[in-house]
Amino acid sequence: MSTTRQRQRQGEAEFASRAFDPEALTTARQLRGLRKNELAKKIGLTPAAVSQYELSQSRPSATVVAQLAMALGVPAAFFAGGHPHPSMPSAAHFRSLRATTQLQRDQALAFGKIAWQLVTTVEKYVELPAASLPRLPLPIDPKRSDIAAIAQQARATFGLHRGPVPHMTRLLESHGVVIMELPPVSERVDAFSHWYGSRPLVFRNPLKNDRPRSRFDVAHEAGHLIMHLDAEPGSRIVENQAHDFAAEFLMPSAEIVDELPRRLDWDKLYSLKRRWGTSLKAIVYRAHAIGVFRETTYKRAMMTLSQHGDPEPCDLGPRESPLLLESAVRLCEETGVTFDDIVARSGLPLELADQVYATATMTRPRLRLTSAEADKDEVLGDGESGFLQLVDG
């Protein structure tokens, strides 16, 4: 490393030490899936020292900041204050608290904070759709009919009339919801949602590359964001409520009841899957829930689907792709604000910003050809020239 670069890094560490932000350390540690004692071991300190840094009871020296940056894979400047953090008024809704560890949930939430930081920076340049989800709290001890009524009211608020929802992801994005994939390191975490300040974010499992499941997941998380203002997350009751909301929102009982077959007719069920954009399992469950399929018919259908395994028959293609953040960044670029400009203002490491952006665009990595030494008159591939560099975008 050159002497100039060493001095620059030392200066960054000294500045970060003076302007140290405890929450930034917590976020970086959780993002890497480390416990306090594990981080302490990496930098040769005690877990108590790490706790004191995160609780703002003491401030790390420039040397320790440099060690933290190395151990957590972020620049020292990441720990400097001055960047906003989302207010977290309620707990995030994870699909099942028993299926994931607290460490995994913390890691997913930390990624959400990083994503929010990039989104709020983009909002300094582009006005995103206002967060206009209806807030329709459930009554005490709600019945299934109460949940159905809320789903119907939500459809009306969104301007949906009869028939299927054409694009569930695009519908929520038009009402200010930012939808992303979780990074591969969080693949054990199912879809989850949270209000980060005044902006709702939905994160989907990266392994579910299936259109019906992605639509149902997004509708399920919409149910949490709309209904569960103060509900304790993770319980079977709360998750079943969100499931019932998604089923009614995507397949209104008053409409689908007359379309469902009265006996097990797979050709008819395939046709309904294509029409409503929901899985065969969801349709079979729906038929049973509204009393069209008897218990024996329901069990026989689910057994057949279970034996078939994943993917189930009648493939509808890959999951719905988000577009909101990608469109906003492209609009910035059209007005002369590059993605690098956005990242610099966000205070995020480029690697993390690229990772967030990739999960919000669902596009494949793009090869850029860049080099200061290349002949700038030679136009290649995507309009740039030089050596190959792999970037997410």
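Helix 12 (residues 266-276) and helix 13 (residues 280-289) pack at an angle of about 110°, and their axes lie 9 Å apart. Here, axes are lines fitted to C-alpha atoms, for helices over the stretch in contact, and angles run from 0 to 180 degrees between N-to-C directions. The two helices, helix 12 and helix 13, are therefore roughly perpendicular to each other; angles of 65 to 115 degrees receive this description, while those under 35 count as roughly parallel, those over 145 as roughly antiparallel and the rest as oblique. From helix 12, Trp266, Leu269, Tyr270, Leu272 and Lys273 meet Leu280, Ile283 and Val284 of helix 13, where contact means heavy atoms within 4.5 Å. The residues of this contact divide into 7 nonpolar, no polar and 1 charged. In that grouping, Ala, Val, Leu, Ile, Met, Phe, Trp, Tyr, Cys and Pro count as nonpolar, Asp, Glu, Lys and Arg as charged, and the others, Gly among them, as polar.

The model is predicted, with local features needing pLDDT of at least 70 and side-chain atom pairs counting only at pLDDT 80 or more, while totals for chains, interfaces and linings use all residues. Residues are numbered from 1 along each chain as its sequence is written, and side-chain values use heavy atoms, with hydrogens and water left out.

The protein chain as a whole has 17 helices and 6 strands; helices (H or I, at least four residues) and strands (E, at least two) are DSSP runs, numbered from the N terminus. Of the 393 residues in the protein chain, 50% are buried, where buried means under 20% relative accessible area, exposed over 50% and partly exposed in between (1.4 Å probe, protein chains only). The accessible surface of the chain comes to about 19100 Å², and 51% of this surface belongs to carbon and sulfur atoms. Accessible areas come from the Shrake-Rupley method with a 1.4 Å probe, and for residues only the protein chains shown count as cover. Among contacts between residues at least 6 apart in sequence, 70% join residues at least 24 apart.

The buried residues of helix 2 are Pro22, Ala24, Leu25, Thr26, Thr27, Ala28, Arg29, Gln30 and Leu31. They pack against helix 3 (36-43), helix 4, helix 5, helix 6 and helix 17 (350-361).

Charged side chains come next. Side chains of opposite charge can pair when their charged atoms come close. The structure holds 15 salt bridges, each being a side-chain nitrogen of Lys or Arg within 4 Å of a carboxyl oxygen of Asp or Glu. One of them joins Arg204 and Glu181, at 2.5 Å from N to O. This pair links distant parts of the chain, with Arg204 in strand 4 (residues 199-204) and Glu181 in strand 2 (residues 178-181), 23 residues apart. Arg204 counts as buried at 2% relative accessibility, and Glu181 counts as buried at 3%. Glu181 also forms a salt bridge with Arg319, with the closest N and O atoms 3.4 Å apart. Here strand 2 is linked to the loop between helix 14 and helix 15, where Arg319 lies, and the partners are 138 residues apart. Arg319 is buried too, with a relative accessible area of 12%.

A further salt bridge forms between Arg215 and Glu320, whose closest N and O atoms are 2.9 Å apart. Arg215 lies in helix 9 (residues 211-227) and Glu320 in the loop between helix 14 and helix 15, so this pair ties together parts that are 105 residues apart in sequence. Both Arg215 and Glu320 are buried. Salt bridges that share partners join Glu181, Arg204 and Arg319 into one network.

In the loop between helix 14 (295-308) and helix 15 (324-334) lies Pro311, which a cis peptide bond joins to Asp310, with omega about -5°. Ser56 is a residue other than glycine with a positive phi, near 65°. Ser56 sits in the loop between helix 4 (47-54) and helix 5 (62-72) and is exposed, with a relative accessible area of 53%. Asp141 likewise has a positive phi, near 50°. The loop between helix 6 (102-122) and helix 7 (144-157) holds Asp141, and this residue is exposed, at a relative accessible area of 65%.
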